Amino acid sequence: MSKTSNTTPAVEQVPKIMSELLTAAETLACLGPAVSIFGSARLPANSPYSQMSRELGRKLAEAGLAVIAGGGPGIMEAANRGAFEAGGTSIGLNIRLPAEQGDNPYQTIGLNFEYFYGRKATFFMHSTAYIALPGGYGTLDELFEALTLIQTGKIPRGPIVLVGSEFWNGLINWLNSEVLSLGMITDSHLSLFVVEDDLDKVVRMITDYEHTHYEEAHRSSTLPKS
(Lines give C-alpha, C1' and ligand atoms only; values in the text may rest on other atoms or scores of the structure.)
Protein backbone atom coordinates (compact mmCIF):
# COMPACT_ATOMS: atom_id res chain seq x y z
CA MET A 1 0.00 0.00 0.00
CA SER A 2 1.37 3.38 -0.90
CA LYS A 3 -0.91 5.04 1.62
CA THR A 4 -2.45 3.75 4.81
CA SER A 5 -6.14 4.20 5.49
CA ASN A 6 -5.48 6.70 8.29
CA THR A 7 -3.64 9.02 5.89
CA THR A 8 -5.92 8.61 2.88
CA PRO A 9 -8.95 10.95 2.87
CA ALA A 10 -12.27 9.12 3.22
CA VAL A 11 -13.48 10.45 -0.12
CA GLU A 12 -10.57 8.61 -1.78
CA GLN A 13 -11.11 5.39 0.18
CA VAL A 14 -14.78 4.92 -0.75
CA PRO A 15 -14.29 4.11 -4.48
CA LYS A 16 -11.66 1.51 -3.61
CA ILE A 17 -13.91 -0.07 -0.98
CA MET A 18 -16.79 -0.17 -3.45
CA SER A 19 -14.55 -1.73 -6.09
CA GLU A 20 -13.40 -4.43 -3.66
CA LEU A 21 -17.01 -5.23 -2.70
CA LEU A 22 -18.13 -5.38 -6.32
CA THR A 23 -15.27 -7.67 -7.33
CA ALA A 24 -16.02 -10.02 -4.44
CA ALA A 25 -19.76 -10.05 -5.17
CA GLU A 26 -19.22 -10.81 -8.85
CA THR A 27 -16.63 -13.51 -8.14
CA LEU A 28 -18.80 -15.29 -5.57
CA ALA A 29 -22.19 -14.69 -7.18
CA CYS A 30 -22.76 -18.39 -7.93
CA LEU A 31 -21.03 -19.76 -4.86
CA GLY A 32 -23.92 -21.54 -3.13
CA PRO A 33 -23.88 -22.40 0.59
CA ALA A 34 -20.62 -21.56 2.34
CA VAL A 35 -19.25 -21.48 5.87
CA SER A 36 -16.87 -18.84 7.22
CA ILE A 37 -14.16 -20.04 9.60
CA PHE A 38 -12.49 -17.45 11.83
CA GLY A 39 -9.32 -17.98 13.85
CA SER A 40 -5.83 -16.87 14.70
CA ALA A 41 -3.11 -16.26 12.13
CA ARG A 42 -0.45 -16.92 14.76
CA LEU A 43 -0.95 -20.58 15.65
CA PRO A 44 1.40 -23.10 14.02
CA ALA A 45 0.19 -25.95 11.84
CA ASN A 46 0.80 -28.49 14.64
CA SER A 47 -1.42 -26.62 17.11
CA PRO A 48 -4.44 -28.70 18.16
CA TYR A 49 -6.69 -25.82 17.10
CA SER A 50 -5.07 -25.63 13.67
CA GLN A 51 -5.55 -29.36 13.30
CA MET A 52 -9.21 -28.99 14.23
CA SER A 53 -9.57 -26.23 11.65
CA ARG A 54 -8.02 -28.37 8.93
CA GLU A 55 -10.33 -31.25 9.79
CA LEU A 56 -13.32 -28.92 9.78
CA GLY A 57 -12.36 -27.61 6.36
CA ARG A 58 -12.16 -31.17 5.06
CA LYS A 59 -15.47 -32.27 6.59
CA LEU A 60 -17.33 -29.19 5.37
CA ALA A 61 -16.01 -29.64 1.84
CA GLU A 62 -16.97 -33.31 1.86
CA ALA A 63 -20.46 -32.23 2.93
CA GLY A 64 -20.70 -30.01 -0.16
CA LEU A 65 -20.12 -26.68 1.58
CA ALA A 66 -17.64 -24.07 0.44
CA VAL A 67 -15.17 -22.84 3.05
CA ILE A 68 -14.37 -19.15 3.44
CA ALA A 69 -11.38 -18.14 5.55
CA GLY A 70 -9.20 -15.11 5.92
CA GLY A 71 -6.57 -16.35 3.48
CA GLY A 72 -3.65 -15.99 5.86
CA PRO A 73 -1.59 -18.43 7.94
CA GLY A 74 -2.49 -20.29 11.12
CA ILE A 75 -6.08 -21.40 11.59
CA MET A 76 -7.09 -19.65 8.37
CA GLU A 77 -4.57 -21.64 6.35
CA ALA A 78 -5.61 -24.86 8.05
CA ALA A 79 -9.27 -24.33 7.12
CA ASN A 80 -8.38 -23.53 3.52
CA ARG A 81 -6.03 -26.50 3.37
CA GLY A 82 -8.62 -28.96 4.63
CA ALA A 83 -11.16 -27.85 2.04
CA PHE A 84 -8.55 -27.68 -0.72
CA GLU A 85 -7.19 -31.16 -0.06
CA ALA A 86 -10.74 -32.56 -0.03
CA GLY A 87 -11.33 -31.14 -3.51
CA GLY A 88 -13.81 -28.54 -2.29
CA THR A 89 -14.17 -24.82 -2.84
CA SER A 90 -11.63 -23.05 -0.66
CA ILE A 91 -11.96 -19.27 -0.58
CA GLY A 92 -9.38 -16.93 0.90
CA LEU A 93 -10.21 -13.31 1.69
CA ASN A 94 -6.69 -11.94 1.74
CA ILE A 95 -5.96 -8.65 3.48
CA ARG A 96 -2.84 -6.54 2.97
CA LEU A 97 -1.16 -6.01 6.36
CA PRO A 98 2.32 -4.85 7.39
CA ALA A 99 2.79 -8.05 9.43
CA GLU A 100 1.34 -11.53 9.95
CA GLN A 101 -0.72 -11.86 6.80
CA GLY A 102 0.74 -13.79 3.90
CA ASP A 103 -1.60 -15.48 1.45
CA ASN A 104 -1.69 -19.22 1.97
CA PRO A 105 -1.43 -21.52 -1.08
CA TYR A 106 -4.61 -23.55 -0.41
CA GLN A 107 -7.16 -21.35 -2.17
CA THR A 108 -9.27 -22.27 -5.17
CA ILE A 109 -10.60 -18.70 -5.12
CA GLY A 110 -8.51 -15.85 -3.72
CA LEU A 111 -9.75 -12.31 -3.25
CA ASN A 112 -7.48 -9.44 -2.23
CA PHE A 113 -8.56 -6.57 0.01
CA GLU A 114 -6.87 -3.42 1.17
CA TYR A 115 -9.70 -2.46 3.52
CA PHE A 116 -11.21 -4.53 6.30
CA TYR A 117 -14.65 -3.09 5.55
CA GLY A 118 -15.08 -4.88 2.23
CA ARG A 119 -13.43 -8.05 3.53
CA LYS A 120 -15.73 -8.31 6.54
CA ALA A 121 -18.82 -7.54 4.47
CA THR A 122 -17.84 -10.31 2.06
CA PHE A 123 -17.84 -12.88 4.87
CA PHE A 124 -21.40 -11.97 5.80
CA MET A 125 -22.69 -11.57 2.24
CA HIS A 126 -21.87 -15.15 1.35
CA SER A 127 -22.00 -17.34 4.47
CA THR A 128 -24.64 -19.79 5.65
CA ALA A 129 -22.92 -20.30 9.00
CA TYR A 130 -19.93 -19.13 11.03
CA ILE A 131 -17.34 -21.10 12.99
CA ALA A 132 -15.01 -19.34 15.42
CA LEU A 133 -11.88 -21.09 16.61
CA PRO A 134 -9.47 -19.46 19.07
CA GLY A 135 -8.01 -16.15 17.95
CA GLY A 136 -7.16 -12.61 18.89
CA TYR A 137 -8.69 -9.22 18.20
CA GLY A 138 -9.50 -9.98 14.56
CA THR A 139 -11.30 -13.21 15.40
CA LEU A 140 -13.25 -11.58 18.22
CA ASP A 141 -14.17 -8.71 15.91
CA GLU A 142 -15.53 -11.13 13.29
CA LEU A 143 -17.37 -13.22 15.88
CA PHE A 144 -19.11 -10.25 17.50
CA GLU A 145 -19.88 -8.75 14.10
CA ALA A 146 -21.72 -11.98 13.20
CA LEU A 147 -23.56 -11.96 16.54
CA THR A 148 -24.52 -8.29 16.18
CA LEU A 149 -25.80 -8.67 12.62
CA ILE A 150 -27.90 -11.69 13.56
CA GLN A 151 -29.11 -10.11 16.82
CA THR A 152 -30.32 -7.04 14.95
CA GLY A 153 -31.85 -8.98 12.07
CA LYS A 154 -29.47 -7.63 9.43
CA ILE A 155 -28.53 -11.11 8.21
CA PRO A 156 -30.39 -14.44 8.49
CA ARG A 157 -29.95 -16.39 11.72
CA GLY A 158 -27.49 -19.03 10.63
CA PRO A 159 -25.51 -21.18 13.06
CA ILE A 160 -22.64 -19.58 14.96
CA VAL A 161 -20.42 -22.24 16.50
CA LEU A 162 -17.53 -21.69 18.88
CA VAL A 163 -15.02 -24.54 18.62
CA GLY A 164 -12.51 -24.94 21.44
CA SER A 165 -14.57 -24.84 24.62
CA GLU A 166 -11.57 -24.51 26.92
CA PHE A 167 -10.58 -21.31 25.12
CA TRP A 168 -14.08 -19.81 24.99
CA ASN A 169 -15.33 -20.66 28.50
CA GLY A 170 -13.84 -17.55 30.11
CA LEU A 171 -15.53 -15.25 27.60
CA ILE A 172 -18.87 -17.00 28.04
CA ASN A 173 -18.61 -16.76 31.82
CA TRP A 174 -17.92 -13.03 31.49
CA LEU A 175 -20.88 -12.53 29.17
CA ASN A 176 -23.10 -14.19 31.75
CA SER A 177 -21.67 -12.60 34.89
CA GLU A 178 -21.23 -9.06 33.57
CA VAL A 179 -22.98 -8.31 30.29
CA LEU A 180 -26.12 -10.37 30.90
CA SER A 181 -26.37 -9.49 34.59
CA LEU A 182 -26.38 -5.77 33.74
CA GLY A 183 -29.15 -6.23 31.18
CA MET A 184 -26.97 -5.33 28.20
CA ILE A 185 -27.96 -8.57 26.47
CA THR A 186 -30.72 -11.09 27.08
CA ASP A 187 -30.84 -14.86 27.42
CA SER A 188 -32.03 -15.04 23.81
CA HIS A 189 -28.89 -13.22 22.68
CA LEU A 190 -26.75 -15.85 24.39
CA SER A 191 -28.64 -18.51 22.45
CA LEU A 192 -27.37 -17.06 19.16
CA PHE A 193 -24.25 -19.21 19.44
CA VAL A 194 -23.35 -22.70 20.61
CA VAL A 195 -20.10 -24.19 21.87
CA GLU A 196 -19.23 -27.55 20.35
CA ASP A 197 -15.95 -29.46 20.10
CA ASP A 198 -17.32 -32.52 18.29
CA LEU A 199 -16.53 -31.67 14.68
CA ASP A 200 -19.03 -34.15 13.24
CA LYS A 201 -21.77 -32.48 15.29
CA VAL A 202 -20.63 -29.07 14.06
CA VAL A 203 -20.90 -30.13 10.42
CA ARG A 204 -24.22 -31.89 11.00
CA MET A 205 -25.62 -28.80 12.71
CA ILE A 206 -24.73 -26.70 9.68
CA THR A 207 -25.92 -29.16 7.06
CA ASP A 208 -29.21 -29.63 8.94
CA TYR A 209 -29.68 -25.88 8.94
CA GLU A 210 -28.79 -25.64 5.26
CA HIS A 211 -31.33 -28.34 4.37
CA THR A 212 -34.16 -26.89 6.46
CA HIS A 213 -33.56 -23.28 5.43
CA TYR A 214 -33.01 -23.87 1.73
CA GLU A 215 -34.23 -20.51 0.50
CA GLU A 216 -32.35 -18.62 3.19
CA ALA A 217 -29.16 -20.59 2.72
CA HIS A 218 -29.30 -20.21 -1.07
CA ARG A 219 -30.38 -16.60 -1.10
CA SER A 220 -28.77 -14.16 -3.52
CA SER A 221 -25.75 -12.56 -1.91
CA THR A 222 -26.66 -9.30 -0.23
CA LEU A 223 -24.98 -6.82 2.01
CA PRO A 224 -26.16 -6.74 5.62
CA LYS A 225 -29.20 -4.48 5.77
CA SER A 226 -28.53 -0.94 6.92
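In which strand is the place of Val195? Val195 lies in strand β7, where strands (E, at least two residues) and helices (H or I, at least four residues) are DSSP runs numbered from the N terminus. The model is a predicted one, in which local features need pLDDT of at least 70 and side-chain atom pairs count only at pLDDT 80 or more, while totals for chains, interfaces and linings use all residues. Residues are numbered from 1 along each chain as its sequence is written, and side-chain values use heavy atoms, with hydrogens and water left out.

Seven strands form an open sheet in the order β4-β3-β2-β1-β5-β6-β7, and the pairing is parallel; two strands are taken to pair if DSSP finds at least two bridges between them. At the edges stand β4 and β7 (194–195), each with a single partner strand, so one side of each has no neighbour in the sheet. Helix α5 (residues 137–151) packs on the sheet and touches β1, β5 (129–132) and β6 (160–162), contact meaning heavy atoms within 4.5 Å. The direction of α5 makes about 145° with that of β6, where axes are lines fitted to C-alpha atoms, for helices over the stretch in contact, and angles run from 0 to 180 degrees between N-to-C directions.

Strand β3 (residues 90–95) is mostly covered, since six of its six residues are buried, a term that stands for under 20% relative accessible area, with exposed over 50% and partly exposed in between (1.4 Å probe, protein chains only). The cover extends to both faces of β3, with Ser90, Gly92 and Asn94 buried on one side and Ile91, Leu93 and Ile95 buried on the other. Strand β2 (residues 66–69) pairs with β3 in the parallel sense over three bridges, and Gly92 of β3 is the bridge partner of Ala69. Strand β4 (residues 109–113) likewise pairs with β3 in the parallel sense, over five bridges, and here the bridge partner of Gly92 is Gly110 in β4. Together, β2, helix α3 (residues 74–85) and β3 make a right-handed β-α-β unit; a crossover is right-handed if, with the strands pointing away from the viewer, the path from the first strand over the helix to the second runs clockwise.

Helix α3 also packs against another helix. Two packed helices are described by the angle between their axes and the distance between the axes. For helix α2 (residues 48–62) and α3, the angle is about 35° and the axes are 7 Å apart. Residues of α2 including Tyr49, Arg54 and Arg58 meet residues of α3, among them Ile75, Arg81 and Glu85. The residues of this contact divide into six nonpolar, five polar and four charged, where Ala, Val, Leu, Ile, Met, Phe, Trp, Tyr, Cys and Pro count as nonpolar, Asp, Glu, Lys and Arg as charged, and the others, Gly among them, as polar.

Strand β1 (residues 34–38) pairs with β2 in the parallel sense over three bridges, and Ser36 stands opposite Ile68 in β2. The pairing of β1 with β5 is also in the parallel sense, over four bridges, with Ala129 in β5 as the bridge partner of Val35. Both faces of β5 are covered, as Ala129 and Ile131 on one side and Tyr130 and Ala132 on the other are all buried. Strands β5 and β6 pair in the parallel sense over three bridges, Ile131 stands opposite Val161 in β6, and β5, α5 and β6 make a right-handed β-α-β unit.

Val195 is partly exposed, with a relative accessible area of 30%, and, not counting residues up to four places away in sequence, Val195 touches Leu162, Ser165 and Ile172. Val163, in the loop between β6 and α6 (165–180), counts as buried at 0% relative accessibility. Leaving aside neighbours within four places in sequence, the contacts of Val163 include Met52, Leu56, Ile131, Trp168 and Asp197. The C-alpha atoms of Val163 and Ser53 are separated by 9.0 Å, although the two residues are 110 residues apart along the chain.
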